[in-house]
Amino acid sequence: MSMRRRMVGLGVAGAGAAVLAASYLYDDDQHTKRQFVRVTAAESLNTRPTRPLPTRQQQLQSLSSDSFDVLIIGGGATGAGCALDAVSRGLKTALVEMDDFASGTSSRSTKLIHGGVRYLQKAILGLDLEQYRMVKEALHERANLLDIAPHLSYPLPIMLPVYKWWQLPYYWVGIKMYDLVAGSKCIKSSYAISKARALEVFPMLKKDRLVGAIVYYDGQHNDSRMNLSIALTATRLGATIANHARAISLLKEKDESGQERLRGARVKDELTGKEMTVRAKCVINATGPFTDSIRKMENQSTKEICAPSMGVHITLPDYYSPEQMGLLDPNTSDGRVIFFLPWEGRTIAGTTDTPCAVSHTPSPTEDDIQFILREVKNYLSPDVEV
């Protein structure tokens, strides 16, 4: 026991010496103890040193005084992921976010990790190989997230109600193809249920003409907490990360050949108004719908490449869906797909997809809200007042 206590006290830096000492002590002991030492030695090699979380003031001080290999603008899922990837490869990494982590698109999703049943339908009916590859990759990533972050991602059964007999085999084949494309990454095999069973599981459903339902599995995911976890992990590995720090201009310098190169950005602390220069060899634009605004800092005449659209969700009371099952409406009045999903003790319904102007605080239109409410009514019992 005393030897184990000393090993813990040595920490990561002394792990190698501790393992050697333990190996010597156990050398004449049982084979199982020698095997334990080998496993301990292997684990110590994979242990990555981390640092305590610095304060925001320390992060801002580092931004203004240090020089970085990579500067990432944008603290959403993409930006935080880039920061973690870069710092874990040994690059000196900085990230700035104008608001808070996951305050934008990365927290305003349908909370699903999925391959896209509708995309697979388009791939098959249109013989679109690229759509098929996209679904295949997304299903692989779904399995990956469920594996590496079980505290933030979990399987969720989703019911697809069927109101016409001919649709039952049609949807069943489509969902089975979804399982087939997932292959070994399939969460759980889909299955068909009777009308009585569907109403037992989802008592709010409209009973008239209901012939049954198909249940398939996708993943549900806490996007904003995952975003924050990734940013924290990058910070513990040595990245300098600051929120409420807005990039207001890009820094250019001429290289040895006389060509201008990006060498960082001018950043403003939104809480104090103080400005600082962040120097970096490389700048990554991870600002989502604000992509073009950053690109135009480099060249005002740059052609815009982002076509922003707005997806709207509405939050309903929890009794609009079962606690452990979602519902998919595959045929809305205009051909879009809408989900009804349990989330944080409520039901979220959406999403729409309409073109919009870029805005830091987008607001849903009344038309979008009414569209979702109309579709909700189509699937719920007339006894339920929406």
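At roughly what angle do the axes of helix 6 and helix 7 cross? Keep that in mind as you start the tour; the model on your screen is a predicted one.

**First stop: helix 6 and helix 7.** Select residues 117–125 for helix 6 and residues 129–148 for helix 7. Their axes come within 8 Å and cross at roughly 150°. An angle over 145 degrees counts as roughly antiparallel, so that is how helix 6 and helix 7 run relative to each other. Turn the view to look across the pair, and you have a left-handed crossing of helix 6 past helix 7. Now show side chains: on helix 6, pick Tyr 119, Leu 120, Lys 122 and Ala 123, which meet Gln 131, Tyr 132, Met 134 and Val 135 of helix 7. Colour this contact by class and you get six nonpolar residues, one polar and one charged.

**Second stop: helix 6 and helix 8.** From helix 6, the contact uses Val 117, Leu 120, Gln 121, Ile 124 and Leu 125. Helix 8 contributes Tyr 170, Gly 174, Ile 175, Met 177, Tyr 178 and Val 181. By class, this contact has nine nonpolar residues, two polar and no charged ones.

**Last stop: the cysteines.** Searching the whole structure for disulfides turns up zero. Cys 306 is partly exposed, at 26% relative accessibility. Finish at Cys 186, also partly exposed, with a relative accessible area of 24%.

Terms used:
Residues numbered from 1 in each chain as written. Predicted model: local features only at pLDDT ≥ 70, side-chain atom pairs only at ≥ 80, totals over all residues. Heavy atoms only, no water. Disulfide = S-S within 2.5 Å. Buried < 20%, exposed > 50% of the residue type's maximum accessible area, 1.4 Å probe, protein only. Axes fitted to C-alpha atoms, helices over the stretch in contact; angles between N-to-C directions. Helix = DSSP H or I, 4+ residues; strand = E, 2+ residues; numbered from the N terminus. Parallel < 35°, antiparallel > 145°, perpendicular 65-115°, else oblique. Left-handed = near helix turned anticlockwise from the far one by under 90°. Contact = heavy atoms within 4.5 Å. Nonpolar A, V, L, I, M, F, W, Y, C, P; charged D, E, K, R; others polar.
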